[in-house]
Amino acid sequence: MQEECIEAGGLRSDDMGFSIQVEDTPPQGKFYTIDIPGGNGVIDVTEALAGDVVFSNRRHVITMTHENPEVDFERVKTKVMNAWNGRRLKYRLSRDPGYTYDGRFSVTAFSDDFEPFPVITVTIDAQPYKSKGVQTFRVNAAGGIVVTLESGRMPVCPTFEFASETIVDANGCFARMQPGSYKINDLWLSEGTNEIYLNSYLGDGNVPMSTYADDLIGDYARNRISDLIWDGVRAGAVLISDWELDTIGMHAGERIVDAEFGVSAESERYAVYIDYDWRDL
């Protein structure tokens with residue numbers, strides 16, 4: 001079984017000859033209530049400001065015991081002090097693979113006269129959330145697609161990079177974005193599955209409004225505009241005349257956004273990049 005270790009500031013505890021013990025104090029939720037004079041209970045306003053619970057910092061206390069009682073401990077202490085003491089660092093714990101923490105390091109104790117092995121104690125005042133890393137996605141959104149993104153416990157505002165004018169629609173947030181790199185202030189990813197509609201090839205359409213002249217607007221209430229301005233089905237384009245004897249109901253299960261527009265998947269012209277930091281408690 002691999003020895004537990006901490007890695008930070010270019011140093012690994014096991015490489016320096018230390019075995020470690022980790023004391024983990026989890027982040028505590030900050031709860032806010034308003035007492036009701038003469039009434040039952042309290043009003044809970046915990047999520048009123050941020051829309052979610054916010055947390056205090058977490059704390060790690062790392063007790064590092066050197067496995068060589070004959071080590072030049074002054075040299076080792078100096079190395080640890082120079083690299084860690086007082087610094088804010090990103091660090092990893094072998095007990096929690098795949099995650100990176102962020103905190104302020106303090107070397108709080110030496111036990112160089114401890115028999116038989118010398119000890120260094122390090123206390124870390126860390127951010128409440130740990131990072132699973134930046135998640136990056138590239139999609140070709142020509143004609144419209146729905147992208148499914150998984151995210152962690154902390155709500156995050158993703159960064160989008162658009163190569164062309166693009167419609168973004170998610171969770172009641174609708175935006176028509178110009179080429180460039182942006183965060184959309186009202187678009188946040190929450191824990192679990194998030195769906196975002198993107199359309200990076202708006203065009204002028206190829207279906208005249210006269211096609212729907214005798215139809216009720218309500219008949220298309222569940223459609224997107226992009227479903228109506230383009231004709232075509234997956235695997236090839238079709239002419240409106242090909243459907244002249246069909247009822248709308250015959251195509252109820254189809255989405256025009258699934259049509260193939262003949263745009264190469266490798267083309268950057270209609271590419272959309274999305275990145276965000278996945279954070280958990």
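**Close-up views of a predicted model**

**View 1. A salt bridge joins Glu4 and Arg95.** The closest N and O atoms of this pair are 2.5 Å apart; a salt bridge is defined here as a side-chain nitrogen of Lys or Arg within 4 Å of a carboxyl oxygen of Asp or Glu. This is a predicted model, in which local features need pLDDT of at least 70 and side-chain atom pairs count only at pLDDT 80 or more, while totals for chains, interfaces and linings use all residues. Residues are numbered from 1 along each chain as its sequence is written, and side-chain values use heavy atoms, with hydrogens and water left out. Glu4 belongs to the segment before S1 and Arg95 to the loop between S9 and S10, so the pair ties together parts that are 91 residues apart in sequence. Strands (E, at least two residues) and helices (H or I, at least four) are DSSP runs, numbered from the N terminus. Glu4 is partly exposed, with a relative accessible area of 22%, and Arg95 is partly exposed at 44%. Buried means under 20% relative accessible area, exposed over 50%, and partly exposed in between (1.4 Å probe, protein chains only).

**View 2. Lys130 and Asp96 form a buried salt bridge.** Their closest N and O atoms are 2.8 Å apart. The pair links distant parts of the chain, 34 residues apart: Lys130 lies in strand S12 (residues 130-140), and Asp96 in the loop between S9 and S10. Both residues are buried.

**View 3. Arg12 and Glu7 belong to a salt-bridge network.** Salt bridges that share partners join Glu7, Arg12, Asp14 and Asp15. Between Arg12 and Glu7, the closest N and O atoms are 3.6 Å apart. Arg12 is partly exposed, with a relative accessible area of 24%, and Glu7 is partly exposed at 36%. The structure as a whole holds 13 salt bridges.

**View 4. The largest nonpolar core has 25 residues.** A nonpolar core is a set of buried Ala, Val, Leu, Ile, Met, Phe, Trp, Tyr and Cys residues joined through side-chain atoms within 4.5 Å. Ile6, Ile62, Met64, Trp84, Tyr91, Phe105 and Val122 have the most contacts inside this core. The elements that each supply at least two of its residues include strand S1 (6-8), helix H1 (73-84) and strand S10 (101-111). Helix H1 gives the largest share, 5 residues. Apart from this core lies another, of 20 residues, among them Val139, Val147, Ala175 and Met177. In soluble globular proteins, nonpolar side chains tend to be buried together.

**View 5. Four strands form an open antiparallel sheet.** The strand order is S13-S18-S15-S16. Strand S13 (145-151) and strand S16 (173-177) stand at the edges with a single partner strand each, so one side of each has no neighbour in the sheet. Strand S15 (residues 166-170) and strand S18 (residues 192-199) pair in the antiparallel sense over 3 bridges; two strands pair if DSSP finds at least two bridges between them. Asp169 stands opposite Tyr197 in S18.

View 6. Gly180 lies in strand S17 (residues 180-183) and is partly exposed, with a relative accessible area of 25%. Gly180 and Phe160 are 20 residues apart in sequence and 8.1 Å apart in space, C-alpha to C-alpha.
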